[in-house]
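Please examine the sequence and the structure shown here before reading the notes below.

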Amino acid sequence: MSSLTTAHGATFIDQLLQLSQVDNIWTRMFSQPSETNQNPQPSAESVAPLAKELPLRILLAEDQWGDRTVALRVLRSLGYQADVVGNGLEALEALRQNHYDVVLTDVQMPQMGGLAMMRRLCQEWLPEQRPCIIAVTSDEMPQVREECLKAGMNECLSKPLAVDKLVAALRMCQFCGDSCELD
């Protein structure tokens with residue numbers, strides 16, 4: 001196995017090509033509105049001022065580089081930069097060191113997923129001290145959303161992130177501090 005081959009057999013070059021394809025898709029989505037699309041995503045120009053209107057410090061907790069790339073691209077299209085960590089433990093450490101208004105977190109990650117991170121957050125921080133927590137999951141089952149909200153998260157969005165849903169969730173996060181249910 002060469003040093004450029006990953007554990008799954010894909011080469012580093014293959015991964016870069018996949019990343020390039022994701023980048024091309026996002027570029028097309030944000031730069032050319034489709035005439036046939038009845039429900040087009042907002043263009044980068046129409047939502048870019050959101051960061052100026054609603055300045056937020058964002059932490060992204062995501063272990064998968066492809067999902068990370070997509071999330072960062074969507075956030076960038078809204079005018080945001082985000083700090084990135086790879087799991088819930090790293091997110092908690094980042095929250096102890098810096099103030100964040102929003103944490104965008106994958107639900108399932110190694111070492112500590114988003115739900116376990118949220119439960120720990122509820123134990124360590126008072127509701128008014130916590131950032132807004134938005135779960136991001138590839139599991140679209142209603143039970144997953146309910147579990148995230150019950151744990152104290154403010155919203156649960158499906159992957160891939162839809163710009164309009166993320167915008168609505170970020171706008172909702174202006175006044176967080178809902179109480180968490182501790183198990």
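The structure is a predicted model, in which local features need pLDDT of at least 70 and side-chain atom pairs count only at pLDDT 80 or more, while totals for chains, interfaces and linings use all residues. Residues are numbered from 1 along each chain as its sequence is written, and side-chain values use heavy atoms, with hydrogens and water left out.

**The disulfide**

- The model has 1 disulfide, a term that denotes a pair of cysteine sulfur atoms within 2.5 Å.
- Cysteine 132 and cysteine 173 form this bond, with a distance of 1.7 Å from S to S.
- The bond links distant parts of the chain, as the two cysteines are 41 residues apart: cysteine 132 lies in strand β4 (residues 132–137), and cysteine 173 in the segment after α8 (163–172).
- Helices (H or I, at least four residues) and strands (E, at least two) are DSSP runs, numbered from the N terminus.
- Cysteine 132 is buried at 1% relative accessibility, and cysteine 173 is buried at 6%.
- Buried means under 20% relative accessible area, exposed means over 50%, and partly exposed lies in between (1.4 Å probe, protein chains only).

- Cysteine 148 is buried, with a relative accessible area of 0%.
- Cysteine 156 also counts as buried, at 9% relative accessibility.

**Helices α5 and α6**

- Helix α5 (residues 88–97) packs against helix α6 (residues 114–124) at an angle of about 30 degrees, and their axes are 9 Å apart.
- The axes are lines fitted to C-alpha atoms, for helices over the stretch in contact, and angles run from 0 to 180 degrees between N-to-C directions.
- The two helices, α5 and α6, are therefore roughly parallel to each other, a description used for angles under 35 degrees.
- On the side of α5, the contact (heavy atoms within 4.5 Å) involves Gly88, Ala91, Leu92, Leu95 and Arg96.
- On the side of α6, Met117, Arg120, Leu121 and Glu124 take part in the contact.

**Lysine 52**

- Lysine 52 belongs to helix α3 (residues 50–53).
- With 76% relative accessibility, lysine 52 counts as exposed.
- Lysine 52 and glycine 79 are 27 residues apart along the chain, and their C-alpha atoms are separated by 7.6 Å.

How values were computed. Parallel < 35°, antiparallel > 145°, perpendicular 65-115°, else oblique.
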